[in-house]
Amino acid sequence: MKITHARVIVCCPGRNFVTLKIETDEGLTGIGDATLNGRELAVASYLSEHVIPCLIGRDAHQIEDIWQYLYRGAYWRRGPVTMSAIAAVDTALWDIKAKAANMPLYQLLGGRSRTGVMVYGHANGRDISQTVEEVLRHKEMGYLAIRAQSGVPGLDKVYGVGKGTTFYEPADADLPGEHDWSSEKYLLHTPRLFEAVRQAVGPDTHLLHDVHHRLTPIEAARLGKSLEPFHLFWMEDATPAENQEAFRLIRQHTTTPLAVGEVFNTIWDCKDLIQNQLIDYIRTTVVHAGGITHLRRIADFAAMFQVRTGCHGATDLSPVCMGAALHFDTWVPNFGVQELMPHNELTNEVFAHAYSFDKGLMHCGETAGHGVEIDEKLAAKYPYQRAYLPVNRLAHDGTLTNW
Ligand code: CS2
Ligand code: MG
């Protein structure tokens with residue numbers, strides 16, 4: 001089966017998405033997500049200018065060979081732009097292969113390992129009481145796992161707290177917005193938040209929290225220790241992970257489980273974290289870590305060290321990524337949890353999908369392929385709109401820090 005055409009579709013139904021569509025001489029098509037929040041056009045041009053010319057005429061069934069060709073053949077390996085482009089090709093080819101086999105993608109990966117995929121929802125609030133309300137609302141909706149993020153007294157705008165309560169989109173400005181930050185205020189506030197949340201929600205609901213790279217290792221160790229009484233499911237991105245060794249210090253001080261990896265794009269970014277058991281969950285995704293082909297490698301390596309998957313699933317990963325991820329999650333033996341930030345109505349119209357939510361679990365659907373399609377005519381009505389993620393500055397002196 002030969003690849004005859006491929007094109008990049010950039011659209012903005014409320015936020016930007018980049019989608020690769022591959023067509024074959026047997027009439028089968030497949031799509032892959034190539035969205036990199038705030039750098040969308042970099043991936044779109046990497047695909048159009050440097051990848052698509054090399055795809056035409058290749059056998060669409062040779063997923064592994066094409067992956068190796070695009071990874072080793074680039075010479076300049078790794079990085080979020082390269083690996084998101086490779087991921088989009090890989091996901092589209094898995095979609096095509098599953099359609100050719102007339103199977104849902106999870107069957108091609110090895111079949112079902114679970115009845116459904118446990119997801120965690122996002123409960124955000126400007127203060128503790130609003131966050132508690134949101135957690136209880138999510139429990140009402142049937143979520144078994146809920147992430148809680150709240151505003152911090154004394155800080156104007158912090159990560160994770162949107163304007164509304166459900167639809168949180170951090171890339172919300174034509175140029176990077178500037179948030180203010182104080183680790184001390186955050187470290188004093190967060191244990192109080194989780195004391196109130198755990199008290200309200202009871203002992204059974206899984207609670208998660210995203211530190212979002214903003215602490216030093218010793219600050220993260222302090223936070224992990226202070227959250228132990230509230231037995232979190234995980235504390236995410238406790239400190240920037242370029243230095244994987246930094247997690248050893250956190251690990252020495254706390255039993256709060258650690259999750260990291262949404263910004264990782266190959267196994268090399270997390271090899272030491274996994275083999276030294278410095279983390280409990282790996283957050284790498286279909287769209288940013290080289291597609292199904294590479295994500296499987298990371299998951300299998302993680303399984304050797306009892307590290308479980310916890311794929312990133314924010315609204316800036318398109319429904320195409322979510323659809324493919326749910327098939328991956330349905331198969332992967334060392335599954336942990338899948339993040340679910342529901343997309344807006346318009347996005348769900350542009351990207352029709354087979355997946356569904358029921359009582360805290362997602363179901364990927366039984367459609368051949370990954371079960372997601374793009375309505376190109378509708379997508380064309382919503383052209384790209386430049387949008388940046390914010391930056392963070394220390395509240396007391398303006399030093400640029402991690403957002
Ligand atoms: C966050 C994301 O969902 C998460 O865990 O880290 O919201 C992240 O901030 C965005 O995906 C960045 O584009
Ligand atoms: Mg995160």
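Which residue stands opposite Val391 in β17? Keep that question for the last stop of this tour through a predicted model.

**Stop 1: strand β5**

Select residues 145–150, which form strand β5. The strand is mostly covered, with 6 of its 6 residues buried. Show the side chains and look along the strand. Ala145, Arg147 and Gln149 point one way, while Ile146, Ala148 and Ser150 point the other way. Both sets are buried.

**Stop 2: the neighbours of β5**

To find one of the pairings, pick Asn124: its bridge partner in β5 is Gln149.

Next, select helix α5, residues 128–140. Together with β4 and β5, this helix makes a β-α-β unit. Which hand does the unit have? The β-α-β unit is right-handed.

Then select residues 206–210, strand β7. β7 and β5 run parallel and are joined by 3 bridges.

**Stop 3: ligand 1**

Select ligand 1 and display what is around it. How many residues surround ligand 1? There are 15, and the closest are Asn37, His212, Glu262, Arg283 and Glu339.

Go back to Arg147, one of the β5 residues seen at the first stop. An N or O atom in the Arg147 side chain is 3.5 Å from an oxygen atom of ligand 1. Pick Tyr159 next; one of its polar side-chain atoms is 3.1 Å from an oxygen atom of the ligand. For Glu236, a polar side-chain atom lies 3.0 Å from an oxygen atom of ligand 1. Ligand 1 on its own has 340 Å² of accessible area, and the protein covers 95% of that.

**Stop 4**

Zoom in on β6 and on β17, residues 391–394. These two strands pair in the parallel sense, over 4 bridges. Pick Val391 in β17 to settle the opening question: the residue standing opposite is Glu178.

Methods
Residues are numbered from 1 along each chain as its sequence is written. Chains are lettered from A and ligands numbered from 1 in the order in which they are written. This is a predicted model: local features need pLDDT of at least 70, side-chain atom pairs count only at pLDDT 80 or more; totals for chains, interfaces and linings use all residues. Side-chain values use heavy atoms; hydrogens and water are left out. Buried means under 20% relative accessible area, exposed over 50%, partly exposed in between (1.4 Å probe, protein chains only). Two strands pair if DSSP finds at least two bridges between them. A crossover is right-handed if, with the strands pointing away from the viewer, the path from the first strand over the helix to the second runs clockwise. A residue is near a molecule or strand if one of its heavy atoms lies within 4 Å of it. A polar contact is a pair of N or O atoms within 3.5 Å; within protein, one must be able to donate a hydrogen and the other to accept it, and residues adjacent in sequence count only if both atoms are side-chain atoms. Accessible areas come from the Shrake-Rupley method with a 1.4 Å probe; for residues, only the protein chains shown count as cover.
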